[in-house]
Structure formats: structure tokens, C-alpha cells
Amino acid sequence: MIPRARWQQIQSLFEQLLDTGENERAVHLARACGDDTDLRSSVESLLKSDARREDVLQHAIGEAAESLLDAHRDRLIGTRVGPYRIVSILGHGGMSTVYRGERDDSQYKQTVAIKVLQHATLHPRLRSRLHSERHILATLDHPSIARLIDSGDLEDGTPYLVMEHVDGVSIDAYCDSRTLFVRERIELFIQVCAAVQYAHRNLVVHRDIKPSNIFVTEEGAPKLLDFGIAKLLAPESLSHTLPVTRLQERMLTPENAAPEQVLGRPITTATDIYALGVLLYQLLTGRSPYRLLSYSQLQLERAICMDDPVRPSHMVIAKLN
Amino acid sequence: MQVPANFTQLLTEWRSGHPQALERLTPLVYDELRRLARNYMRAERGSHTLQATAVVHEAFMRLIQANVALQDRGHFFALASRLMRRVLVDHAKSRSRMKRNSGVRDLLAEETGEILPPIDFDVVALDDALEGLQQMEPRLAQVIELFYFGGLTYDQIAAALGTSAATVHRDIRLARAWLLNEISGSGSA
């Protein structure tokens, strides 16, 4: 503990020298401290710490705050959602967290994916829409579409969706890890098309068809995930209330987007067909047909709506060379 | 949002020496943080620690604004920032000292062009150092709490403490420098 008088000396000198230049500071310090090297080094070391550019205090507090908020994010683990117990986190999206849920009672043993939405809680209108949409999605029954099993609200009102848990890998990883031939890739792709056709007949558009939304099981069966979920998360019907520039609200994955998604125009079944074309291109060439340099609106419009993609055959040859 | 009407009541009880009030206060802070954490989760990009801190500060403001008469603001600001410090530090301790503060790069003092060694510390070390500062100069510790844990501006702190924003700014610089020296072990002051 520093004696009171000494502390006041240090404090007063520190404050006088706070905003002085280097030379002035040295002169002043020498004059004020004289032979008192202790005083001088005390003030000098304080001034040195004051000169640090980054706020390390804020950083330490921020880390604690972040850890505390993350703990809240994990708070559902171990809790029950309907008949399911949440056991781990499968993944995070910008607007949702997907948990692995398990049902383990006398009747069933079942693993599910539970998607807990955050975004929906912010839009009252979206919430009410969610309920009717969930109903429609639950009627989709196709071997290549991951089923929506159940839905509801957590105790605090956060909506969740319980979906079939698919044990597999994304379709592009599956094709590449097994170095499938073109014919095998196309056979998989045709199965995906059949699932999309089934959904379209039931008036459901996927809106976010991309490799990471199509899993292939160990047995080689493709499963489309998140059918229609994109609509719940990024509804165009609300887009007129959102600034046009908020691109992420409208479109989840620019690499697979159709032109109408970039331009903010109505989404139809044609949007999925377009995305299927992009998917096929990716499966055959290993690349997106778009050359995106950035996610700026201008860049996206140019790459997706104007530029002609390199022909797949040329792309493959270019890659071989 | 409904802030429980007894929040300020509990704060006062806690301060006047009823530790059991803290047990009832902490869940209120957690509830508020959880509510706000949803917004935080939407913004996945950018500076995480800054966002997280902003959430804490927002929770602070929302909790304190309920049912506090203007003339009592300063008093309750002080109590609530102390509470926020308690919550963060207890959380960090419960995680058996969080991963070390490795995110801070070597810092360059522009004035001298000198490379300063990185300072490695977490909120628990900061809490200890603040205790020391509290012993020596309670006003400085108070200003640090209000600024860093409560997220108040210089003007708000000045109004709460009945001083000027310029004085607050000077106090923060002195206190911060002292704390950094103390934590990094170079404190000869």
C-alpha cells in the first residue's frame, strides 16, 4: 500500500503530464522528481501503460461477457423439449441453433434434429405465419425429404422445429470422397429432383437448395434437409418492411442463389429449378458457376444475373490443366 | 420488457448488508442477459467481445431504468455496475478461470514507437486489482466500475458522481494505467 501523500504526488504528476509531448514530459519529470527516482519511475510506468492503444480492460470484460452469453446459448443442453432430451449442439446458423435431441422412453428410441429459431421471436407477424407453415411442412412425406416431425414453442416462447436426424454427409462431400463417376452423380441428382418435384406438387418451395442441405446416408440415399425452412427464416412477405439493402435477410446462400433472389423478386418453384441447375454444375465440376468476388449487391447482380458461366466441360478441362 | 419492481429494492438490500439479496438479484440479471443474448446471436460476424460487452451494457441500462427516480440514479448506477461486475466475475470463476487473455496482440505505443509486452489477464485478475484500487482510492475504482461494467458514458458518470466529464476522463486514464501495472506485475506505483 502506497502512503497517502506519495499516492497524491504520483496522481498529481500523472495528471499534469497526461497530454504533454515527450520532451516536455522528460523535462517536467526531471524537475519535479529531482533525486526521487522512485517517484519518477512510478509516474513513468503509469504514463507508459496509459499510452497503450488497445483497451485490454474492455477485452478482459468482453471475454467474460462472451463466455457468459455462450453459456446461455448452451443452456438448452440437458433440458427436455417435448418428449426429447437435448444432448448436444449439431450446428449454429445465423438465425438458429440446431441441437441433437434424443427420445428414449419405453416406447421409442429415436434421434432427432431440433432447430431452435431466434429470429422469429423478433417479428410478431412472422411468429403467427410460422404456425401455419409448420403445419404444411409436416405433411411432406417423401423418402428423400427429411421429415418435419414436430414443432412448438419453448417455455419462453422461442419456436422450435423437430426434424428427422439424417446420419450422413453432404452430397458434394459424398461424391468426392467416393470419387463417383459422372453417371453415379447424375443418378443421385435425379433422386434429388424427384424429391423437389414431389414438394412442388404439394406447393412447397425449398428456397435454399445447396450441397450442404442435401445429405447422403451410408446406404447412398439422398435426403433434403430444411425443406421450406428458409421461408420461415427469411420471408419475402416481410421484406418490404426491411431495408432493401439487407441482403442476408432475403438470401441465405449467394453461391447457389437464383437471379430473382438477388433482385428481391418473388420466389417460385422456378427458383428451386434454377438452384438444382447450380447444384448439378457443382456436382459435375466441383465449382460454383458464379465467380463471386464479394457479397456486395453490385457484384452479386453482375455474377448471378449477367455473367455467363463457364461451360461445365470447359471448367473441368481448365481444372485438369 | 417487465423489470421486476423489486430490482431496485433488492439492490438496496444487498448494499445495506444482506448478502441473500444477491442470490435473488443474480437470476434477474441472467434473465435479462438471456433475453438480449438472442439479438446478440443474430450477429455472428464482427467483433465478438465488443458485441458481448454491448449486450451486458444494454442489460444494465434496461434493469436500472425501471422505477428509479432521477435523483437516485447515481446511487443505483453504482449498485448495478457493482452487481454486473459480480455476475461476470462469478461466472468466470465458476469456469475455473477462463482461457487466458491471449487475444490481445503486442501493443504499439504510438507516441514512443516502443513495443510493449502483451498483458495477459482475465476478468478475475481485474477484479483482484480493482479490490486493491478500492482500498487506495475508492473513487477511481467506482469510476472504472461505472465505465467498464455499467457501460456509462463520461457524461453519465460525471452526472452520477457530481463532477465533470473531463475529471472522469482523467480518472479513468489514471485508474486504468494503475490497474494495468498492477496486473502485469510491473506496478512500482
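User: Hi! Is V123(B) buried or exposed?
Analyst: In this predicted model, V123(B) is buried, because 29 other C-beta atoms lie within 10 Å and the cut-off for buried is 20 or more.

User: Nice. Where does V123(B) sit?
Analyst: V123(B) belongs to helix α5 of chain B, residues 123-136.

User: And which residues is V123(B) in contact with, leaving aside neighbours within four places in sequence?
Analyst: From chain A there are A60(A), I61(A) and A64(A), and from chain B there are L88(B), V89(B) and A92(B). A92(B) is 31 residues away in sequence, with a C-alpha to C-alpha distance of 7.1 Å.

User: Switching to strands: how do β7 and β8 of chain A pair?
Analyst: Strand β7 (residues 168-170) and strand β8 (residues 214-217) of chain A are antiparallel, with 3 bridges. V169(A) has V216(A) as its bridge partner there.

User: What about β8(A) and β9 of chain A?
Analyst: That pairing is antiparallel too, over 3 bridges, with β9 covering residues 222-224. I214(A) is bridged to L224(A). The hairpin has 4 residues between the strands, and G220(A) takes a positive phi near 90 degrees.

User: Last topic, confidence. What is the mean pLDDT of chain A?
Analyst: The mean is 82, and 85% of the residues of chain A reach 70 or more. For residues 235-251 of chain A, though, the pLDDT is below 50, and the stretch has 22 contacts in the model beyond near neighbours in sequence.

User: Which elements of chain A have the lowest and highest mean pLDDT?
Analyst: Helix α9 (residues 247-250) is lowest at 43, while helix α7 (residues 182-201) is highest at 96.

How values were computed. Residues numbered from 1 in each chain as written. Chains lettered and ligands numbered in written order. Predicted model: local features only at pLDDT ≥ 70, side-chain atom pairs only at ≥ 80, totals over all residues. Pairing = 2+ DSSP bridges. Helix = DSSP H or I, 4+ residues; strand = E, 2+ residues; numbered from the N terminus. pLDDT = per-residue confidence, 0-100. Contact = placed C-beta atoms within 7 Å. Buried ≥ 20, exposed ≤ 12 C-beta atoms within 10 Å, placed from the backbone.
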